[in-house]
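Please consider the structure shown below.

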Amino acid sequence: MYATLIWSTREMEILMMFGGQMACEALNFALKRILKEERPKQMHGKGYGMPSSHAQFVAFFSLSLTLFLLFRHVPKKPTPSHTPLTMVSRVLLSGLALASAGLVAWSRIYLNYHTEKQVMVG
């Protein structure tokens with residue numbers, strides 16, 4: 001997805017978002033091997049649990065999207081085939097993205113994939 005968007009739009013924000021996601025993945029990989037904290041006892045999966053990579057990625061993605069929509073996005077002029085997003089729409093989309101991140105974090109705890117601490121660090 002990132003490769004297609006970078007190639008087709010050539011926008012720096014997408015390249016920075018891709019770089020940020022890769023940095024998140026590298027940091028998560030390193031932290032899991034340094035901290036070596038086990039997952040909850042009820043979980044029968046493999047790998048270390050600290051920090052939660054799902055919570056980390058979704059928090060990064062939703063915060064990046066929110067900051068872009070609220071501070072960097074400059075709507076183009078309306079055309080017959082394009083209706084720009086209003087500020088209200090951008091705020092609602094940002095809220096939806098942040099709520100989704102909260103739901104992912106909650107689900108990681110609810111499904112016993114991670115402890116609360118592991119999700120908060122993620």
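H2 and H3 pack with their axes 10 Å apart, at an angle of about 155°. That angle makes H2 roughly antiparallel to H3, a term for angles over 145 degrees. Axes here are lines fitted to C-alpha atoms, for helices over the stretch in contact, and angles run from 0 to 180 degrees between N-to-C directions. Helices (H or I, at least four residues) are DSSP runs, numbered from the N terminus.

This is a predicted model: local features need pLDDT of at least 70, side-chain atom pairs count only at pLDDT 80 or more, and totals for chains, interfaces and linings use all residues. Residues are numbered from 1 along each chain as its sequence is written, and side-chain values use heavy atoms, with hydrogens and water left out.

H2 passes H3 in a right-handed crossing, the near helix being turned clockwise from the far one by less than a right angle. In contact (heavy atoms within 4.5 Å), H2 contributes Glu13, Met17, Gly20, Gln21, Cys24, Leu27, Asn28 and Lys32, which meet residues of H3 including Phe57, Phe60, Ser64 and Phe68. By class, this contact of H2 with H3 has eight nonpolar, six polar and three charged residues. Ala, Val, Leu, Ile, Met, Phe, Trp, Tyr, Cys and Pro count as nonpolar, Asp, Glu, Lys and Arg as charged, and the others, Gly among them, as polar.

H1 packs against H2 at an angle of about 155°, with their axes 9 Å apart. That makes H1 roughly antiparallel to H2. The crossing of H1 and H2 is left-handed, with the near helix turned anticlockwise. Tyr2, Leu5, Ile6 and Thr9 in H1 meet Ile14, Leu15, Met17, Phe18 and Gln21 in H2. The contact of H1 with H2 has seven nonpolar, two polar and no charged residues.

A pocket is an open set of points on a 1 Å grid over the protein atoms alone, where a 1.4 Å probe fits, with protein on both sides within 12 Å along at least five of seven lines; lining residues have an atom within 4 Å of a point. The largest pocket has 17 lining residues, of which Glu13, Ile14, Met17, Ser64 and Phe68 lie nearest its centre. Helix H1 (2–9), helix H2 (12–35) and helix H3 (53–72) each give two or more residues to this lining, and H3 gives the most, with nine. The lining of the largest pocket has 13 nonpolar, one polar and three charged residues.

The second largest pocket has a lining that includes Glu13, Phe68, Arg72 and His73. Its lining divides into five nonpolar, three polar and four charged residues.

Terms used
Angles under 35 degrees count as roughly parallel, over 145 as roughly antiparallel, 65 to 115 as roughly perpendicular and the rest as oblique.
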